[in-house]
Amino acid sequence: MITSLNVRKAPGYDLISGKVLQELPPKAVVLLTTLYNSMLRLSYYPLIWKFAQIIMVPKPGKPAHDVTSYRPISLLPIPSKVFERLLLKRLRSDVDLSLLIPGYQVGFHPGHSPIQQAHRVVHEIVKSFEERTLCTAVFLDIAQAFDKVWHPGLLYKLKAALPGPYYLLLRTYLEDRYFQVRYNTTCSTCHVVRSGVPQGSVLGPLLYLLFTADLPTTDSTTIATFADDTGLLAVHPDPAIASQHLQRHLSLLHDWFAVWKIHVNPAKSAHVTFTTRPITCPPVFLHTTPVPIKSDARYLGLHLDRQLTWRKHIQSKRQHLDLKLRSMSWLLGRRSQLSLSNKILLYKCILKPVWTYGIQLWGCAKPSHTKILQRFQSKTLRSLANAPWYVSNRQLHTDLGIPFVADEIRKSSIRYHQRLAGHHNVFVAALSTPPTVARRLKRQWPSDLQSKDSV
């Protein structure tokens, strides 16, 4: 575990970095192992490893005098993280977490990704299009989800879900935690952490998943969660009945949130009706506050519009790419003295991941939309290669070893669906099977992108 540490990670207040641990002699590693085994045997977590130092990183373009202009980063001692990794590995071998964490929750779960969860949502929407029904969805914004976890409630659930020694150890892990804010060379006084899972820790995501594992569900709705990103979908031909199903689930969730002290911001949530017809489902409420009705929603980094055309998502990616390329023009421009191989490496590492995220889903868009990104790629490759006007785009892509956007869509889709087949999560494995509904629309499903004629 020490050998696999990332030496670039910043150390905690004790200044013991991963490189320091890797340089320890064997005798010191044996002593550290003895300490870890004593922690397991006594179910005790040392107080010295429960101190977090908060670093304030300024956000670009924000006023320096405003406290909201800074992003807090929590730094924990590296030896504490090593023990957390060892504990998590042992916990997964002793406890079947798949029985504790529901299948609709795919966040921070081995073998899962946000694309799989977004695929579930897209699958329900496209299926409703083919069946001429309405799909009404609410995407909830949970305020400070990880920072506001109620400790007594979390300990109550841990005691019911985990064996006694693990519960006792995690109880001391959560108790008597402190933090200190450091900005440049100035440090604040120490304060007690009274709620939330430790930010920057290894066990924090798992504790949050166990805390929210008993979210209420209904038979008439579909719930899709990735950590704190929660989406609810209801499908019905009648818009009023679809909203009733969604409202019933929202009411159950509101009562659950009130019991476990979780705050949802209705103003930042979104209610979208996915349909190809000019119909909007009646509004739904979270307690007494209406959820804003919008024409699109951003879920897991993807923009989902009413008709699922992916146009807004592709346009937003194009704008993001233009800004990045403009800031890197001194490296990737025609006048740059950087070698061509390094320019291509920068393009693959910085620019290409921006538009390839979610390509297994937004690849279903019309060719007129995907060509927006193809034009960007052709323009960028011509600039970094300083190619003259008479060199064709096909020759440019072939010589530089960069596939066209359509080829990238098909290649990524094939790899993605190969990983779906035989997945241990039944919700994810169901996405690998072809759709069983009658196809009446001339629109593609994600499973159609594997064929050569699809893009």
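Select helix α10 (residues 311–327) together with α14, whose axes come within 8 Å of each other and cross at roughly 15°; the axes are lines fitted to C-alpha atoms over the stretch in contact, with angles running from 0 to 180 degrees between N-to-C directions. Helices here are DSSP runs (H or I, at least four residues), numbered from the N terminus. α10 and α14 are therefore roughly parallel to each other, a term for angles under 35 degrees. The contact (heavy atoms within 4.5 Å) includes R311, I314 and L325 of α10 and H369, F376 and T380 of α14. By class, this contact of α10 with α14 has six nonpolar, four polar and five charged residues, where Ala, Val, Leu, Ile, Met, Phe, Trp, Tyr, Cys and Pro count as nonpolar, Asp, Glu, Lys and Arg as charged, and the others, Gly among them, as polar.

Before going on, note that this is a predicted model, in which local features need pLDDT of at least 70 and side-chain atom pairs count only at pLDDT 80 or more, while totals for chains, interfaces and linings use all residues. Residues are numbered from 1 along each chain as its sequence is written, and side-chain values use heavy atoms, with hydrogens and water left out.

The axes of α12 and α14 come within 10 Å and cross at roughly 160°, and that makes α12 roughly antiparallel to α14, the term for angles over 145 degrees. Among the residues that meet here are L340, Y347 and W355 in α12 and L373, L381 and A385 in α14. The residues of the contact of α12 with α14 divide into 10 nonpolar, two polar and one charged.

Next, show α15 (residues 393–400), where L396, H397 and L400 are buried, that is, under 20% relative accessible area with a 1.4 Å probe and protein chains only. These residues cover an arc of only 95° around the axis, which puts them on the same side of α15; the arc is that of the directions from the helix axis to the C-beta atoms. On the other side of α15, R394, T398 and D399 are exposed, meaning over 50%.

Finally, view α14 and α15 as a pair: their axes come within 10 Å and cross at roughly 65°. α14 and α15 are therefore roughly perpendicular to each other, which covers angles of 65 to 115 degrees. Q374, L381 and A385 in α14 are among the residues that meet N393, L396, H397 and L400 in α15. Just after α15, stop at G401, which takes a positive phi of about 70°.

Methods: Helix = DSSP H or I, 4+ residues; strand = E, 2+ residues; numbered from the N terminus.
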